[in-house]
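Subject: A structure for you to look through

Hi,

Here is the structure I promised to pass on. Please open it beside this email and follow along as you read.

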Amino acid sequence: MLASVFLGGCQSAILNPKGQIGIDERNLLVTCTVLMLLVVVPVIVMTLVFAYRYRATRQHRYEPEWHHSTPIEIVVWAIPCVIITVLGVLVWRSSHALDPYRPLDSEVAPVTIEAVSLDWKWLFIYPEQNIAVVNEMAFPEQTPLNFRITSDSVMNSFFIPQLGTMIYSMAGMETKLHLIANEQGSFRGLSSHYSGHGFSGMHFKALATDQAGFDAWIAKVRASGRALDAAAYAELAKPSEDVPPTYYASVQPELFDTIIAKYMMGSHGTGEHGMPGMDNPAEPGTEAAAQANAHAGDYATPDAASGAADNGDSDAHDTHSMDSMPGMGDTHHDDAPAPAGGTQTLQEKH
């Protein structure tokens, strides 16, 4: 009753969930808040009462030797301990029950959606239907959604507030999320992690329909006639803002896994795991490219090493490569004698 009075005019998507995960998270939030208020509210009330009752203008019994009260000790310690215990059990159970990697129990076959965050848009791939859509997704109501999420740019976060659970997308990594919509509707999805200049427009529509509506949506996507091949994806991955929904009737096989593999060890710049036309893991001039260049530092490539050897600089290159390795900052080299009684550091050498 009290909650409905205070929250009646609140239009927050988190407090108005449309999926079971969102409902469970809303209930957990409200329950934890009420339990904490059992301590906060009495403290505030007693502060005001004590300040009024024991004000300087009133005369009260003076007991300078008083130092202990068993009833007060019991109240002060017992109530917070009980509340903390209840909160601990509640959060422990909820953390496991609402684990984003935990598949939802349902007799309905799930729909798999592969989400890729780009600069500054979302790409959704439906591997079972062999279609892809930019900045829009659709799914049947009362159907589990299995999300596979990654990034082909800087770190982002995938969030549909009314369905629940935000989770990060990171380059070279796959995160998982399981959601469900209890009813039909159009829900706002967004990136809740700042990712650069076009971040404010990085949102999308999540459409929950009946099965017939979902089938009609798939047919509309396939009618677009576009194909998301290597060349089309390379163009799509370039930075762009406020991108309208774009449909692709077919997708290059295993595109999602290829995007992840680009960032695996040994694949940078070699095209070992990449698609044709996608040798570089990040488009020049993008946020991801700047981050990758900063991370790469002064590490030398095998080609650079051979070139240095041809110019008679192989010794200098080998020394630099050793210095660049983690944990080799204090390694002593033969061509630079260390002072007596000490070890020459990397900073002193260079």
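Strand β8 (residues 175-179) is largely enclosed by the rest of the structure, because four of its five residues are buried. Buried means under 20% relative accessible area, exposed means over 50%, and partly exposed lies in between, with a 1.4 Å probe and protein chains only. Strands (E, at least two residues) and helices (H or I, at least four) are DSSP runs, numbered from the N terminus.

Before going on, please keep in mind that this is a predicted model: local features need pLDDT of at least 70, side-chain atom pairs count only at pLDDT 80 or more, and totals for chains, interfaces and linings use all residues. Residues are numbered from 1 along each chain as its sequence is written, and side-chain values use heavy atoms, with hydrogens and water left out.

Which strand is joined to β8 by five bridges? That is β5 (residues 145-151), and the two run antiparallel. Ile149 has Thr175 in β8 as its bridge partner. Two strands pair if DSSP finds at least two bridges between them.

Both strands belong to an open sheet of six strands, in the order β8-β5-β1-β2-β3-β12, with mixed pairing. At the edges stand β8 and β12 (246-248), each with a single partner strand, so one side of each has no neighbour in the sheet. On average, neighbouring strands here are turned by 20 degrees against each other, direction ignored. Within this sheet, β1 (residues 111-118) and β2 (residues 121-126) run antiparallel and are joined by five bridges; Ser117 has Trp122 in β2 as its bridge partner.

Now for the other sheet. An open sheet of five strands has the order β4-β10-β9-β6-β7, also with mixed pairing. Its edge strands, β4 (136-140) and β7 (167-169), each pair on one side only. The twist from one strand to the next averages 25 degrees. Three bridges pair β6 with β7 in the antiparallel sense, and Phe158 stands opposite Ile167 in β7.

Helix α4 (residues 211-222) packs on this sheet, where it touches β4 and β10 (203-209), and its direction makes about 145 degrees with that of β4. The helix α4 also lies across β1, β2, β3 (131-134) and β12, running at about 85 degrees to β3. For such angles, axes are lines fitted to C-alpha atoms (for helices over the stretch in contact), and angles run from 0 to 180 degrees between N-to-C directions.

Is Asn156 buried or exposed? It is buried, with a relative accessible area of 0%. Its side chain makes a polar contact of 3.0 Å with that of Ser195. A polar contact is a pair of N or O atoms within 3.5 Å; within protein, one must be able to donate a hydrogen and the other to accept it, and residues adjacent in sequence count only if both atoms are side-chain atoms. Beyond its neighbours within four places in sequence, Asn156 is in contact (heavy atoms within 4.5 Å) with residues including Ser117, Trp122 and Tyr168.

Finally, an unreviewed UniProt entry lists residues 28-52 and 72-92 as "transmembrane region". In the model, residues 28-52 are 100% helix, with end C-alpha atoms 36 Å apart. Residues 72-92 are 100% helix too, and their end C-alpha atoms lie 30 Å apart. UniProt positions are in the numbering used here, feature names are shortened, and annotations may be inferred rather than shown by experiment.

Happy exploring!
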